[in-house]
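Hello,

Here is the structure we talked about. My notes on it follow below.

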Amino acid sequence: MIYPILEVIGLVNRFGTQLVHDGLNMEVHEDEVFGIVGGSGTGKSVLLRSILGLQRPRAGIIRIGGRDITRMSAGQLFGVKARYGVSFQQGALYSALTVRENVELPMIEHVDMQPAARSELAMLKIRLAGLPADAAEKYPSQLSGGMIKRAALARALALDPKLLFLDEPTSGLDPISAAEFDELILYLQKQLRLTVIMITHDLDTIFRTCNRVGVIVDRHMEVDTLEGIVNNPHPWIQAYFHGERARERLLAGLPSPGTHGT
Amino acid sequence: MKIATARLQALDLSGAWRLHEFIKQAHAAGVEVAFEGSPPDQLRLVDQTLRGESPPCSQLTRPIPLNPIEELEAPALRSLEFLGRHSVLYARDLVRDLAFLGRMSVTAARGLTSTRRLRPISIARHVYDTGITAIPIVSLIAFLISVIIAYMSAQQLRNFGAVVFVVDLVTIGVLRELGVLLTSIIVAGRSGSAFAAEIGSMKLNEEVDALYATGVDPFEVLVLPRILGLVIALPLLTIIADIIGLAGGALLCRFLLDMPLTQYITRAQDAITATTFWVGVMKAPVFATLIAMAGCYRGMQVRDSSRELGRLTTLAVVQAIFLVIFADALFAILFLELRI
């Protein structure tokens with residue numbers, strides 16, 4: 001049986017009496033950009049943390065590359081972690097290390113390489129994320145918000161993952177920087193044949209980049225193509241996609257999300 | 001030279017970069033490289049990126065600052081509810097304490113199996129931060145404390161005509177108890193708080209999560225080096241404090257009590273033995289472990305807000321000092337029973 005690259009079945013997450021997810025299902029296929037949308041407090045971050053193995057769900061199956069990570073030991077999970085890249089919302093760069101060292105750190109932990117070659121490869125990843133070469137020796141505190149996002153992306157790409165998780169990739173960016181970042185994600189997705197899973201609030205980002213969208217409503221997920229989800233009758237989804245900002249987008253005509261994959 | 005690509009199934013970016021470097025070296029050595037079949041796409045990507053032609057970008061701009069969210073004050077609780085809630089909380093805390101201790105032991109045991117996992121460079125940094133940089137303040141305090149003891153005891157003992165016993169009081173007091181105890185308290189204030197604050201702010205920045213997500217054990221890279229660093233640094237600081245304390249005592253006896261230096265030394269040699277010194281120094285690694293664990297543990301508990309960081313840093317220092325004094329009391333009883 002061929003599994004999708006990421007599969008979540010019947011996920012249940014609960015904190016005390018608060019039920020966050022109740023039987024959430026999602027499926028992500030290779031070479032697509034999958035957007036996760038939901039109101040504040042609907043558990044988008046909890047979902048991401050569950051998928052990354054940062055917290056164990058109460059029930060459910062999470063398969064990455066066909067292997068259920070909820071039943072893995074820490075040692076087995078280590079191997080899986082080398083296969084995906086994560087870019088956190090605030091960047092989560094290690095503040096004591098330069099950008100280049102940040103990108104090198106996953107390589108040091110997972111790959112046996114000559115230090116000189118490793119730092120050159122890290123430079124390639126930094127350039128690929130659209131950062132100027134002189135940014136490599138800067139510390140995270142010296143970077144602007146847009147550069148932090150790019151540095152975090154460079155680190156996420158350090159181990160040549162097939163699967164890329166982005167948590168709010170364009171939050172805190174002005175619309176122009178956000179648009180450029182979307183372009184970058186699409187470019188890298190195409191060039192490196194990545195599967196991208198992003199959590200986002202940004203309607204522009206969704207319309208520009210996503211093939212399919214999953215909306216977390218009522219503790220489960222409505223998954224559909226971009227065209228399909230816009231016409232979903234659920235009130236929250238209607239409000240989200242047909243609000244003031246979204247209407248302008250829709251009036252301008254629904255753009256076909258770029259050609260992904262090959 | 002020819003490179004055949006017909007049977008190439010997959011090539012990731014790192015592989016393409018290696019190939020790119022290889023071809024570059026070949027060119028530099030004057031070897032012609034040709035592809036049999038089409039050159040892989042990834043090679044073109046590497047080439048473009050290194051020449052700065054891709055990705056398409058970029059005008060980078062400043063971020064929009066996000067407003068911090070105020071925490072809400074919990075409503076006043078009735079006394080019974082308060083009692084119940086706190087009993088549950090303390091019980092849960094106790095379980096967490098034990099879990100931390102267990103995690104720590106497992107990491108330490110694993111760390112001892114290989115030097116790479118032990119992170120010697122990191123340990124050295126912590127020895128420097130917690131030990132070397134603390135020498136001036138530790139010396140000063142040891143000096144002042146020995147002066148205070150000598151001065152006060154001289155005043156009292158003079159009434160009995162037993163001024164010479166000032167030497168006993170200073171040397172035994174400093175070597176057995178005060179040297180190590182005061183050093184530990186200073187270090188708890190300096191380094192216990194630093195540990196909690198460093199690790200705590202890493203937690204706030206999601207840096208600890210990032211370590212977990214990359215498959216790096218934060219206990220191994222953050223907690224263990226700090227504990228081992230302090231276990232090395234504190235005994236050395238204690239020895240320095242002992243030396244300075246004895247010297248301070250000697251100085252005071254010489255100038256205030258007009259006791260010749262030779263008499264001080266003879267008297268000191270009568271009063272103390274090798275065990276007096278070791279009793280003090282051997283407590284240092286134990287105190288170091290307590291201080292470092294309190295600091296790291298509280299640091300790891302920080303989440304969500306910077307207020308939490310302040311609260312737990314304070315707690316780390318208070319608990320470290322409490323644990324040190326409590327352990328010292330246990331040591332005192334133990335040594336009494338052992339007649340050391």
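Helices (H or I, at least four residues) and strands (E, at least two) are DSSP runs, numbered from the N terminus. This is a predicted model, in which local features need pLDDT of at least 70 and side-chain atom pairs count only at pLDDT 80 or more, while totals for chains, interfaces and linings use all residues. Residues are numbered from 1 along each chain as its sequence is written, and chains are lettered from A and ligands numbered from 1 in the order in which they are written.

Helix H9 covers residues 218-256 of chain B and helix H11 residues 274-281; their axes are 10 Å apart, at an angle of about 135 degrees. Axes are lines fitted to C-alpha atoms, for helices over the stretch in contact, and angles run from 0 to 180 degrees between N-to-C directions. H9(B) and H11(B) are therefore oblique to each other (under 35 degrees is roughly parallel, over 145 roughly antiparallel, 65 to 115 roughly perpendicular, the rest oblique).

On the H9(B) side, Pro235(B), Thr238(B), Ile239(B) and Asp242(B) meet Phe277(B), Gly280(B) and Val281(B) of H11(B) (contact: C-beta atoms, placed from the backbone, within 7 Å). The classes in this contact of H9(B) with H11(B) are 4 nonpolar, 2 polar and 1 charged residues (Ala, Val, Leu, Ile, Met, Phe, Trp, Tyr, Cys and Pro are nonpolar; Asp, Glu, Lys and Arg charged; the others, Gly among them, polar).

Chain B has 13 helices and 2 strands.

**Where the chains touch**

Chain A gives 36 residues to the contact and chain B gives 29 residues. On the side of chain A that touches chain B, H6(A) supplies the largest share, 9 residues. By class, that side of chain A has 20 nonpolar, 9 polar and 7 charged residues.

**The sheet in chain A**

Chain A has an open sheet of 4 strands in the order S2-S1-S4-S5, with antiparallel pairing (two strands pair if DSSP finds at least two bridges between them). Strands S2 (18-28) and S5 (67-68) of chain A are at the edges with a single partner strand each, so one side of each has no neighbour in the sheet. S4(A), residues 59-64, is joined to S5(A) by 2 bridges, and the two run antiparallel. Arg63(A) stands opposite Asp68(A) in S5(A).

Regards

Terms used: Contact = placed C-beta atoms within 7 Å.
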